[in-house]
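Hello,

Here is the structure I promised to pass on. Please open it first, then read my notes below.

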Amino acid sequence: MSNVAARKLDSHDIVVEDVFPHAPQAIWKVLTTGALIGRWLKMPLSGFEPVVGTRFTYKTTPAGGWDGTIQCEVLEVVENRRFVHSWKGGHESNVGYGAPLDTVVTWTLSLVEAGTRLRLVHSGFVLPRNETAFTGMGKGWQQVVKTIDALSAEETTAPKPH
């Protein structure tokens with residue numbers, strides 16, 4: 001068995017899915033606008049553009065040999081439908097919080113009768129090494145999706161400039 005296949009076997013995903021009464025365009029704007037991302041993720045963001053190949057970073061609490069920087073790269077952009085980026089961080093010397101993490105975040109939007117289905121899949125957690133991140137981020141992403149709903153409602157009701 002190849003290393004990739006072996007890694008896939010012990011890889012785990014966080015999946016959060018909900019339907020919100022907003023147009024895909026409103027949710028898309030919240031997912032792909034740097035200032036809004038900073039609001040729902042509650043981490044400083046730098047270098048972000050929703051363009052394939054763009055490298056950007058988030059900054060969180062450092063631990064041990066890790067400086068708290070999350071390295072990301074935009075992997076796929078299909079406007080109002082799909083947004084994918086890598087999410088890498090941690091340090092080899094850390095166990096638990098700040099252990100090496102090499103994952104992918106996929107946002108999928110689909111139009112449904114009640115509005116838009118938002119599906120988040122954060123994939124590639126290797127257990128037990130990433131157990132702390134998997135557990136903490138599993139809870140965190142559920143809150144993030146609720147915040148995205150609230151921000152999308154703001155975008156939907158915000159007055160349009162003339």
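Buried residues make up 40% of the 162 residues in the protein chain. Buried means under 20% relative accessible area, exposed means over 50%, and partly exposed lies in between (1.4 Å probe, protein chains only). This is a predicted model, in which local features need pLDDT of at least 70 and side-chain atom pairs count only at pLDDT 80 or more, while totals for chains, interfaces and linings use all residues. Residues are numbered from 1 along each chain as its sequence is written, and side-chain values use heavy atoms, with hydrogens and water left out.

Now the overall form. The C-alpha trace spans about 55 × 30 × 30 Å along its principal axes. The accessible surface comes to about 8900 Å². Carbon and sulfur atoms hold 56% of that surface. Accessible areas come from the Shrake-Rupley method with a 1.4 Å probe, and for residues only the protein chains shown count as cover.

Next, the secondary structure. The chain has four helices and seven strands. Their order along the sequence is α-β-α-α-β-β-β-β-β-β-α. Helices (H or I, at least four residues) and strands (E, at least two) are DSSP runs, numbered from the N terminus.

How do parts of the chain meet? Take contacts between residues at least 6 apart in sequence: 52% of them join residues at least 24 apart. A contact means heavy atoms within 4.5 Å.

Look at helix α4 next. It covers residues 131-157, which is 27 residues. At 1.5 Å a residue it should span 39 Å, and its end C-alpha atoms are 39 Å apart, so the two agree. The expected span is 1.5 Å times one less than the number of residues. Where does α4 bend? The bend is at Met137, by about 25°. That is the angle between axes fitted to the seven residues ending there and the seven starting there.

Met137 is also one of the buried residues of α4. Others among them are Trp141, Val144, Ile148 and Glu155. Which elements do the buried residues of α4 pack against? They pack against the strands β1 (11-20), β5 (82-89), β6 (101-112) and β7 (115-126), and against the helices α2 (24-32) and α3 (34-41).

Last, the salt bridges. There are seven. Each is a side-chain nitrogen of Lys or Arg within 4 Å of a carboxyl oxygen of Asp or Glu.

- Arg117 and Glu17 meet at 3.7 Å, N to O. Arg117 lies in strand β7 and Glu17 in strand β1, so the pair ties together parts that are 100 residues apart in sequence. Arg117 is partly exposed at 32% relative accessibility, and Glu17 is partly exposed at 36%.
- Glu73 and Arg55 have their closest N and O atoms 3.4 Å apart. Glu73 lies in strand β4 (residues 69-78) and Arg55 in strand β3 (residues 55-59), so this pair ties together parts 18 residues apart in sequence. Glu73 is partly exposed at 21%, whereas Arg55 is exposed at 61%.
- Arg82 and Glu76 have their closest N and O atoms 3.0 Å apart. Arg82 is partly exposed at 30%, and Glu76 is partly exposed at 28%.

Glu17 and Arg117 also belong to a network of salt bridges with Arg119.

Best wishes
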